[in-house]
Amino acid sequence: MIPYGRQNISAEDIAAVTAVLQSDCLTQGPQVPLFEQHICAVTSAKFAVAANSATSMLHLACLALGVTKGDYVWTSPITFVASANCALYCGANIDFVDVDRYTGNMCPKALESKLKQAKAQNRLPKVLIPVHMAGHSCDMQAIWLLAKSYGVRVIEDASHGIGGSYQNRKIGTCQYSDITIFSFHPVKIITTAEGGVATTNDAVLAESMQLLRSHGITKTPQIMLRPDEGDWYYEQHALGFNYRMTELQAALGNSQINRLVSFVEQRNKLVATYVAELAKLNVTCVIPLDNSYSAYHLMIVLLPGHVDRKAIFEAMRAADICVHVHYFPVHLQPYYLNKGFAEHDFPEAEYFYQHCLTLPLFPDLTEQEQGYILDTLKGLL
Ligand SMILES: Cc1ncc(COP(=O)(O)O)c(C=O)c1O
């Protein structure tokens with residue numbers, strides 16, 4: 001079966017992880033801070049805070065921005081459930097902003113009218129979480145200007161997006177957000193097996209996320225609240241978690257990040273072939289905005305309305321091609337239906353979901369495999 005995404009693990013990656021395994025330090029050693037430095041270097045952000053997953057970092061980012069009981073957080077319905085769940089972990093309420101039907105990204109027009117309405121009802125969100133679907137940046141300048149004018153903080157869920165850029169600036173630079181989150185799950189652009197990171201230019205937010213990822217505990221002498229009792233002494237300043245990234249994960253990340261640029265270039269090269277070949281068919285490729293360069297986590301096409309997506313999906317799978325569907329809208333998940341969301345609440349998201357199909361895309365996808373995928377899809381359509 002050709003998977004829809006797959007990690008690339010080199011001999012250098014294996015050596016880097018093995019070296020840590022043979023060292024004294026499996027956790028809380030030099031690899032995690034080094035990985036954070038690498039993330040700052042590739043994004044141009046001032047601070048990076050690594051954790052055991054993007055889900056953990058979304059939670060900590062919400063907490064650092066003060067999200068608490070009674071607050072509202074808005075995200076996109078076309079995303080993985082983690083983008084919404086993070087608000088609920090903080091006791092807040094979640095709501096969604098509809099997307100553009102051709103990109104699956106949060107629609108600035110829909111956001112503007114929802115903010116206007118929310119202001120009139122005194123229910124403005126504290127935090128907005130736009131999601132860079134497939135790695136394609138949302139229209140962040142428009143979203144940021146709206147958020148600013150209504151006093152709303154912004155977390156970019158760029159789980160799909162490391163290595164991409166918007167307006168010639170790297171995603172993660174936080175030009176138009178308070179915090180950006182990346183995921184390093186194996187199907188993503190680079191991997192740490194499980195892992196995530198937050199970038200920010202705000203020292204206070206970075207410190208808060210650092211504290212919360214490790215039980216709310218600090219050993220930094222400058223911020224101790226009581227007299228230091230000795231080398232064993234640490235202080236708990238907040239109710240935190242154990243969301244730490246291990247040295248093994250960070251070592252893998254430190255090795256993988258050397259190939260970030262080549263991974264993204266290879267993905268874009270494969271996409272160019274997909275786009276050229278699919279232009280001959282009646283399908284719409286989901287592509288980034290003109291002013292963006294996408295890391296292309298996913299190659300998504302929108303099938304025409306008359307095509308039976310389920311039949312195509314099953315036939316592709318029967319041909320050993322692991323196509324996928326990203327995503328079933330979050331507001332239609334049974335858990336969220338129980339919170340009062342309903343079908344037709346976000347019609348553009350539902351349109352996107354009904355038509356989308358994810359084709360295999362990963363750096364090691366061969367020309368022959370891609371040819372086979374395209375031929376099979378052409379034959380079926
Ligand atoms: C958009 C989005 N946000 C958040 C996450 C959560 O990432 P992680 O698996 O690193 O917790 C994912 C993972 O697939 C995702 O796709």
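Biologist: Which residues does M299 touch, not counting residues up to four places away in sequence?

Modeller: In this predicted model, M299 touches V271, Y274, V275, L278, C285, L357, T358, L359 and L361. Contact here requires heavy atoms within 4.5 Å. M299 is also among the residues with the most contacts inside the largest nonpolar core, which has 76 residues. Helix α3 (residues 54-64) gives the most to this core, namely seven residues. A separate second core, of 21 residues, includes A48, F184, V264 and A295.

Biologist: What makes C356 count as buried?

Modeller: Buried means under 20% relative accessible area. C356 has 0% relative accessibility and therefore counts as buried. C90, at a relative accessible area of 11%, is buried as well.

Biologist: Why are β7 and β13 said to stand at the edges?

Modeller: The open sheet of three strands has the order β7-β6-β13, with antiparallel pairing. β7 (169-170) and β13 (292-293) each have a single partner strand, so one side of each lacks a neighbour in the sheet.

Biologist: What makes β6 and β7 a pair?

Modeller: Pairing requires at least two bridges. Strand β6 (residues 165-166) and β7 have two bridges, in the antiparallel sense, and so they qualify. Y166 stands opposite R169 in β7.

Note on methods: Residues are numbered from 1 along each chain as its sequence is written. This is a predicted model: local features need pLDDT of at least 70, side-chain atom pairs count only at pLDDT 80 or more; totals for chains, interfaces and linings use all residues. Side-chain values use heavy atoms; hydrogens and water are left out. A nonpolar core is a set of buried Ala, Val, Leu, Ile, Met, Phe, Trp, Tyr and Cys residues joined through side-chain atoms within 4.5 Å. Buried means under 20% relative accessible area, exposed over 50%, partly exposed in between (1.4 Å probe, protein chains only). Helices (H or I, at least four residues) and strands (E, at least two) are DSSP runs, numbered from the N terminus.
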